[in-house]
Amino acid sequence: MSAPALGCIADDYTGGTDVAAALRRRGLRVMLFFGPPDDGFSATDCDAVVVALKTRALDAGTAVAMSLAAQRWLVDVVHVRTVYFKYCSTFDSTPAGNIGPVTDALLDAAGAPATVICPATPEHGRTVYQGHLFVGEQLLAESSMRYHPLTPMTESDVVRLMAAQTPHPVKLLSRHHVRRGAEAVADAVRGADGTRHVVVDAIDDDDLDVIARAVEGMSVVTGGAGLAGALGAVIHEHDSEPVEFATVRAPEGPTVVLAGSCSKATLGQVAQARERFSSHRLDPRTVASPADLLAPARAWLGEHLGAEPVLIYSSAAAHERGPADPVVADQLEATMGALAQAAVEAGARRIVVAGGETSGAVVDALGIRSVVVDAEADRGVPWCSTTDHGVSLLLKSGNFGSPDLLVRAATAEVLT
């Protein structure tokens, strides 16, 4: 079998599942790896490989080093033709990075002169027009992302956001230019005028298709899951035979739902799950230290884990939780990871997780390094079959999914 055409580097774990789902939806067989893989890892019988890191909120130096390690593995070991740096469609970052520093490092390593900056993912309501990023009908800086506890987004102009993160020239390619076609876009992205980063307008899937055809074959491409999916569709056009995916049934064994995101979408999903399942809340306001929440939660889990799904959550509206505290957040994530480990040791075989940081904590605690990406429960939220743990995972970004997602995921007989 030939080498996978596309290798993606995602800056968090649910970003990895999001882009993996987008590629699978276009007919590509996808393997997903968590953390920087070493040379002993192999990627076989797949068309695309995704390496999910946890670099979004790290210092720039560490994020760059981890991303370069992933790029080296994808290029030198897997032999992909294109490396795709996937960041969130809301361009989550601090003023110093890490989107700019990582993109510059990947371009330097590849010897590439320029690339596109394209966070637009219209299916999730993320669009870019005149360089401004919209979340639904709101500008990014006027959306709930303005109040994100780790990466508050107070600027909507992607050109300005990117220019603050790189010493290299940044320019805008307007939708008017995009509508001129793939060749015109490709000409504008070749770096002939010295511009290294080209922010591209995109408000619908037709725009993404044009951009994907323009960047096909480039050594480094960046964007959200929207452009990755469009690029996957272009790659799939070259396949001689369509891929048929087997039906995946839910594994036998208990189911645990773990929710840590405090996004509006997750809060609604948790509310529905609480109506259906036995639940236990992790509330750091009730203890002297968040670490004190683990023992009673583990005891509760031992008493309730069985035939019916159970829910453990720290998700809460702003008025029900204290001020944002990174230390408390880290301890809650560690608690969730420990509870996931205890659940699997007790026989749980289906783990549903809501929240990017919570997903990272759970995957790391379970020691899961690679999965095969199965069908989606909702757009951007795929099931993942672990390759050596016998566990089915669903890792959900906080903002993703319909109100009944957690309930459906916990009770489905077929993982679709």
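Reply: Two strands count as paired if DSSP finds at least two bridges between them; helices (H or I, at least four residues) and strands (E, at least two) are DSSP runs, numbered from the N terminus. This is a predicted model, in which local features need pLDDT of at least 70, side-chain atom pairs count only at pLDDT 80 or more, and totals for chains, interfaces and linings use all residues. Residues are numbered from 1 along each chain as its sequence is written, and side-chain values use heavy atoms, with hydrogens and water left out.

Me: How do you know that strand 6 and strand 7 pair?

Reply: The definition asks for at least two bridges, and four bridges join strand 6 to strand 7 (residues 132-135). The two strands therefore pair, and they run antiparallel. Within this pairing, Tyr129 stands opposite His132 of strand 7. In general, strands of a sheet pair through backbone hydrogen bonds, either parallel or antiparallel.

Me: What is the order of the open sheet of three strands, and why is one side of strand 6 and of strand 8 left without a neighbour in the sheet?

Reply: The order is 6-7-8, with antiparallel pairing. Strand 6 (126-129) and strand 8 (138-139) stand at the edges and have a single partner strand each, so one side of each has no neighbour in the sheet.

Me: Why is Ser143 called buried?

Reply: Buried means under 20% relative accessible area, exposed over 50%, and partly exposed in between (1.4 Å probe, protein chains only). Ser143 has a relative accessible area of 3%, so the residue is buried. Ser143 lies in the loop between strand 8 and helix 4 (158-163). Across the protein chain, buried residues make up 57% of the 416 residues.

Me: Which residues is Ser143 in contact with, leaving aside its neighbours within four places in sequence?

Reply: Contact means heavy atoms within 4.5 Å; by this rule Ser143 is in contact with Val135 and Gln138, once neighbours within four places in sequence are left aside. The side chain of Ser143 also reaches the backbone oxygen of Leu140 at 2.7 Å.

Me: What makes the protein chain as compact as a globular protein of its length?

Reply: The secondary structure of the protein chain comes to 13 helices and 18 strands. The radius of gyration is taken over C-alpha atoms, and the globule rule is 2.2 Å times the number of residues to the power 0.38. For 416 residues the rule gives 22 Å, and the radius of gyration of the protein chain is 21 Å, close to that value, so the chain is as compact as a globular protein of that length.

How values were computed
A polar contact is a pair of N or O atoms within 3.5 Å; within protein, one must be able to donate a hydrogen and the other to accept it, and residues adjacent in sequence count only if both atoms are side-chain atoms.
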